[in-house]
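Visitor: Please show me the structure, and then I will ask about its parts one by one.

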Amino acid sequence: MTVLGNSSAPTTPDEPTMRAALLRGCRAPSVHNSQPWRWFFDGARLHLFSDPERQLPVADPEGRQLVISCGAVLDHVRTIFAALGWHTDVVRLPDPDHPDLLATIEFRLWEDPATGSTVHAAAIERRYTDRLPMLIPERWDAMTPVVLREMAATHDVDLDMLPDSARARLATASEQSAALHRYDMEYQTELRWWTGHDRPADGIPPAALPTETELARVGVARSFPPVRHPAHRAEAIDQSYLILLSTAEESPLQWLRTGEALSAILLECTVAGWATCPLTHITETSAGRALLQGFTTNRGNPQVLLRVGTAPENDRPPATPRHPLTEVFTEHP
Ligand SMILES: Cc1cc2nc3c(=O)[nH]c(=O)nc-3n(C[C@H](O)[C@H](O)[C@H](O)COP(=O)(O)O)c2cc1C
């Protein structure tokens with residue numbers, strides 16, 4: 001790795017580069033497409049804040065998924081800067097008095113960034129959440145779990161491949177989670193606020209949600225308000241592989257790192273040509289968490305479940321919306 005130290009060289013990306021990188025980085029996944037992040041550039045350092053107004057008080061009362069989402073955008077943005085030749089040094093949770101400040105980034109020119117960053121950055125626009133049945137991920141081999149596990153370990157996150165026998169139990173847990181929430185007015189109100197509407201800047205539009213029959217053919221899935229559209233992948237039963245991310249502790253730092261690991265793994269899968277779907281509904285109940293914990297090698301804290309599989313080409317929903325950059329980015333005047 002060569003990081004340049006030339007005193008006449010720029011010390012931060014210029015404004016158009018900064019804006020373009022943040023705009024692309026904000027394509028990161030977030031729970032219910034809530035995009036609970038804000039960026040501030042002070043002229044030398046870039047700061048990532050969580051936005052508590054975008055937290056889901058019912059589904060995510062501790063802000064765990066909010067911080068995981070922010071971790072995902074952190075990794076997306078750093079990946080883009082790396083591909084543009086900027087090394088980023090990150091201090092996570094730098095100020096105990098300001099827990100909303102999740103990360104502070106300093107820049108250094110980077111002459112020969114890791115090629116992985118360029119490849120991952122190029123996958124950002126291709127990545128999306130696929131909630132339909134998938135086929136077995138093509139070209140998956142014995143090394144794939146090793147590579148993905150290594151990627152997660154870089155962020156202090158454990159990764160377990162779940163056995164096929166887990167599927168039925170997780171499908172039952174998904175049904176139980178849906179049943180538990182069916183008459184929970186607060187949960188339903190929150191879910192409906194974020195999903196099933198064509199809103200210009202956030203939430204999950206109807207075209208990205210499964211119909212009831214599609215949901216039944218996936219099994220391990222969060223239940224969303226019912227939508228109607230022509231059947232997709234009508235004959236397919238889900239054969240995706242299930243991956244579980246977990247952490248040794250339950251803390252904002254480990255949640256942030258989970259989001260970073262999630263981002264890297266999603267982009268790696270996208271590069272391999274696979275479709276992905278992060279799932280957290282089972283982690284929202286104590287029974288679900290206990291079930292998932294049983295699948296972790298280290299009896300860790302389950303954070304995110306992931307479906308990975310092959311989807312037919314040209315069968316993806318339109319891209320989900322994002323906030324304009326002006327709403328999530330400010331800089332020192
Ligand atoms: C922390 C986190 C939790 C998520 N949980 C779920 C989930 O339980 N079910 C689901 O279908 N999608 C889930 N997603 C995917 C988001 O809904 C998705 O990223 C968002 O709607 C943006 O769409 P996109 O990924 O297609 O860009 C989750 C994403 C994140 C980062």
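Visitor: Which helix gives the most residues to the shell around the ligand?
Guide: This is a predicted model, in which local features need pLDDT of at least 70, side-chain atom pairs count only at pLDDT 80 or more, and totals for chains, interfaces and linings use all residues. Residues are numbered from 1 along each chain as its sequence is written. Helices (H or I, at least four residues) and strands (E, at least two) are DSSP runs, numbered from the N terminus. α2 and β7 (275-279) each supply at least two residues of the shell, and the one that gives the most, with four residues, is α2.

Visitor: Which residues come nearest to the ligand?
Guide: A residue is near a molecule or strand if its C-beta atom, placed from the backbone, lies within 6 Å of it. There are 21 residues around the ligand, and the ones that come nearest are Pro29, Asn33, Thr129, Arg222 and Thr320.

Visitor: How many residues of the shell around the ligand are nonpolar, polar and charged?
Guide: Ala, Val, Leu, Ile, Met, Phe, Trp, Tyr, Cys and Pro count as nonpolar, Asp, Glu, Lys and Arg as charged, and the others, Gly among them, as polar. By these classes the shell divides into 10 nonpolar, nine polar and two charged.

Visitor: Which helix supplies the largest share of the side of domain 1 that touches domain 2?
Guide: In contact (C-beta atoms, placed from the backbone, within 7 Å) are 30 residues of domain 1 and 28 residues of domain 2. On the domain 1 side, α2 and α3 (115-123) each supply at least two residues. The largest share, 11 residues, comes from α2.

Visitor: What is the orientation of α1 to α2?
Guide: Axes are lines fitted to C-alpha atoms, for helices over the stretch in contact, and angles run from 0 to 180 degrees between N-to-C directions. The axes of α1 (residues 15-25) and α2 (residues 64-83) come within 8 Å and cross at roughly 135°. Angles under 35 degrees count as roughly parallel, over 145 as roughly antiparallel, 65 to 115 as roughly perpendicular and the rest as oblique. That makes the orientation of α1 to α2 oblique.

Visitor: Which residues of α2 meet α1?
Guide: From α1, the residues are Ala21, Leu22, Arg24 and Gly25. Their partners in α2 are Val73, His76, Val77, Ile80 and Phe81.

Visitor: Which residues of α3 make the contact with α2?
Guide: The axes of α2 and α3 come within 8 Å and cross at roughly 120°. From α2, the contact uses Thr79, Ile80, Ala82 and Ala83. From α3, it uses Ser117, Thr118, His120 and Ala121.

Visitor: What is the orientation of α4 to α8?
Guide: The axes of α4 (residues 143-153) and α8 (residues 252-271) come within 8 Å and cross at roughly 150°. That makes the orientation of α4 to α8 roughly antiparallel.

Methods. Contact = placed C-beta atoms within 7 Å.
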